[in-house]
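The structure is shown first.

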Amino acid sequence: MPAVSASDLLVLPRIERPDPGTTTYRPVSQVITSPSFLEGAGFPVRRPFPGPYGNIADPFLLLDHIGAIEYAPGEARGAPWHPHRGFETVTYIMDGAFRHTDSNGGGGLITDGATQWMTAGAGILHDEMPTDELVQKGGLFHGTQLWVNLPARLKFTPPRYQDITADRVALLSSHDGGVLIRVIAGDLDGHKGPGVTHTPIAYAHATLAPGAALEIPWRPDYNALVYVLAGRGTAGLDREPIDDGQLAVLGAGDALTLTADDLQDSRSPNLDVLMLGGQPINEPVVSYGPFVMNTRDEILTAIRDYQAGRMGIIPAVHLPHL
Ligand code: MN
């Protein structure tokens, strides 16, 4: 998992260890094993939410984990032109590459630890495809796509595209230097990531060496989710086991604690997790495929607007294939 790494964790700014005397570590309230689906033109994803567990993720709507998968030549698939309205798609690529083109003029290559933060807002069309090289030659692919909701007052905000290249991600280490934390957006213990968010959110990728522990302050007004990208370990003071493809939903408190098992598989030598949190939006969610609104009427309007070309049109001249 190349993503972004650091040659010497000891030179990075460190997250201060919370004071155990005054800290409430968030307990694990639920561990969800992600079911698998086919998405887009037919690529496999693991999707810890949404699911039949109630509203566990607000302000997040959906998390797809793609790979890690070794594509054979001709096997890599993407999601050709489709619309979105009412939320944001956040695509993080650790291995391989995705090529993005949208009807708003946004576009580029997302690769090697880069994140694309696309605000669909009032409406956009986009095309998310593996590179021609990955399709032709095959190869390793590993990424995630997170859907972040927008509150009613921002559903019709103009579309926005943030290309968060890997070199802009804020790198931190744990108090003992055993954990690398990449802050993509939001603020962890005063350390800011580059992503600009519409509502308060924290989004980070942490790599825990075997046997390492992470203790990290977490805003009490945020929810807290930990998704295992690879490896195994535990979450919470009660050391609830978490494994590859599982999501830990954490309860109330003002800090998170995680540990990596001493023994990991050779194909994924570390515990890699996404840490997600945000202020719940607490509004009704009515979703229909690529549209996420507050009411059924707004969904019907979205379908009509899309059909009438009011979310944009597919550009006549595509960007050159990268
Ligand atoms: Mn999409």
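Q: With which residue does lysine 192 form a salt bridge?

A: Side chains of opposite charge can pair when their charged atoms come close. A salt bridge here is a side-chain nitrogen of Lys or Arg within 4 Å of a carboxyl oxygen of Asp or Glu. Lysine 192 forms one with aspartate 187, with 3.4 Å between the closest N and O atoms. Please note that this is a predicted model, in which local features need pLDDT of at least 70 and side-chain atom pairs count only at pLDDT 80 or more, while totals for chains, interfaces and linings use all residues. Residues are numbered from 1 along each chain as its sequence is written, and side-chain values use heavy atoms, with hydrogens and water left out.

Q: Is lysine 192 buried or exposed?

A: Buried means under 20% relative accessible area, exposed over 50%, and partly exposed in between (1.4 Å probe, protein chains only). Lysine 192, at 62% relative accessibility, counts as exposed, and aspartate 187, at 31%, as partly exposed.

Q: Which residue forms a salt bridge with aspartate 127, and where do the two lie?

A: The partner is arginine 99, the closest N and O atoms being 3.9 Å apart. Aspartate 127 belongs to strand β10 and arginine 99 to strand β7 (residues 97-102), so the pair ties together parts that are 28 residues apart in sequence. Strands (E, at least two residues) and helices (H or I, at least four) are DSSP runs, numbered from the N terminus. Aspartate 127 is buried at 8% relative accessibility, and arginine 99 is buried with a relative accessible area of 8%.

Q: How many salt bridges are there by this rule?

A: The count comes to 13. Among them, arginine 310 and aspartate 305 meet at 2.8 Å, N to O; arginine 310 is exposed at 56% relative accessibility, whereas aspartate 305 is buried at 12%. Salt bridges also link Arg232, Asp261, Asp265 and Arg267 in a network.

Q: With which side chain does the side chain of lysine 155 make a polar contact?

A: A polar contact is a pair of N or O atoms within 3.5 Å; within protein, one must be able to donate a hydrogen and the other to accept it, and residues adjacent in sequence count only if both atoms are side-chain atoms. The side chain of lysine 155 makes such a contact with the side chain of asparagine 149 (2.8 Å).

Q: Which residues coordinate the manganese ion?

A: Donors are N, O and S atoms within 2.8 Å of the metal (3.2 Å for Na, K and Ca); water is not among the atoms, so sites may look incomplete. Here the manganese ion is coordinated by His82 (NE2), His84 (NE2), His126 (NE2) and Glu128 (OE), at 2.1 to 2.4 Å. Histidine 82, in strand β5 (residues 79-84), and glutamate 128, in strand β10 (residues 124-130), are 46 residues apart. Both histidine 82 and glutamate 128 are buried.

Q: What does the secondary structure of the protein chain come to?

A: The protein chain has two helices and 26 strands.
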